[in-house]
Amino acid sequence: MNRAERETAVRRIMERTPARVPPELHADVLRTGGRMLRRRVLARRLMWLLLFAATVAFVVWALTARPWVEPPSETTPPLTGW
């Protein structure tokens, strides 16, 4: 199929009358779209809640474990009684 044949085929398709859409389809689409939107909003809120909970858990762990402090040495005894 060369370019001219493709163009004529496309013109034929474009000149046809559009297909009839059933009237009840609009209500179904609105209902489905609303449901998808609510699920997306719920998923986004849940992800933010999980991120917040993970941040709080990390901060609490960091404040109690204090990983930035060097642990005391356990190989030599402390020097006392000099």
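User: Is Asp28 buried, partly exposed or exposed in this structure?
Analyst: Happy to start there; keep in mind that the model is predicted. Asp28 has a relative accessible area of 33%. Buried would need a value under 20% and exposed one over 50%, so at 33% the class of Asp28 is partly exposed.

User: Which residue forms a salt bridge with Asp28?
Analyst: Side chains of opposite charge can pair when their charged atoms come close. For Asp28, the closest N and O atoms of the pair are 2.5 Å apart, and the cut-off is 4 Å. The partner in this salt bridge is Arg31.

User: How far along helix α2 are Arg31 and Asp28 separated?
Analyst: Arg31 itself is partly exposed, with a relative accessible area of 47%. Arg31 and Asp28 are three residues apart in helix α2, so the separation comes to about one helical turn.

User: How many salt bridges does the structure hold?
Analyst: One of them joins Arg31 and Asp28. Another brings together the side chains of Arg3 and Glu7, at 3.1 Å from N to O. Those two residues sit four residues apart in helix α1 (residues 3-15). For the structure, the number of salt bridges is two.

User: How far apart in space are Val59 and Ala9?
Analyst: Val59 lies in helix α2 and is partly exposed at 42% relative accessibility. In sequence, Val59 and Ala9 are 50 residues apart. From C-alpha to C-alpha, their distance in space is 65 Å.

User: What radius of gyration does the chain have beside that of a compact globule?
Analyst: The secondary structure comes to two helices and zero strands. Along its principal axes, the C-alpha trace spans about 105 × 40 × 10 Å. A compact globule of 82 residues would have a radius of gyration near 12 Å, but for this chain the value is 34 Å.

User: What share of the residues is buried?
Analyst: The accessible surface of the chain is about 8600 Å², and 66% of that area belongs to carbon and sulfur atoms. A residue counts as buried under 20% relative accessible area. Of the 82 residues, the buried share is 2%.

User: Which residue has a positive phi although it is not a glycine?
Analyst: Most residues other than glycine have a negative phi. The one to look at lies in the segment after α2 and is partly exposed, at 45% relative accessibility. With a phi of about 45°, the residue is Arg66.

Definitions and conventions. Residues numbered from 1 in each chain as written. Predicted model: local features only at pLDDT ≥ 70, side-chain atom pairs only at ≥ 80, totals over all residues. Heavy atoms only, no water. Buried < 20%, exposed > 50% of the residue type's maximum accessible area, 1.4 Å probe, protein only. Rg over C-alpha atoms; globule rule 2.2 N^0.38 Å. Areas by Shrake-Rupley, 256 points an atom, 1.4 Å probe, with all protein chains shown as cover.
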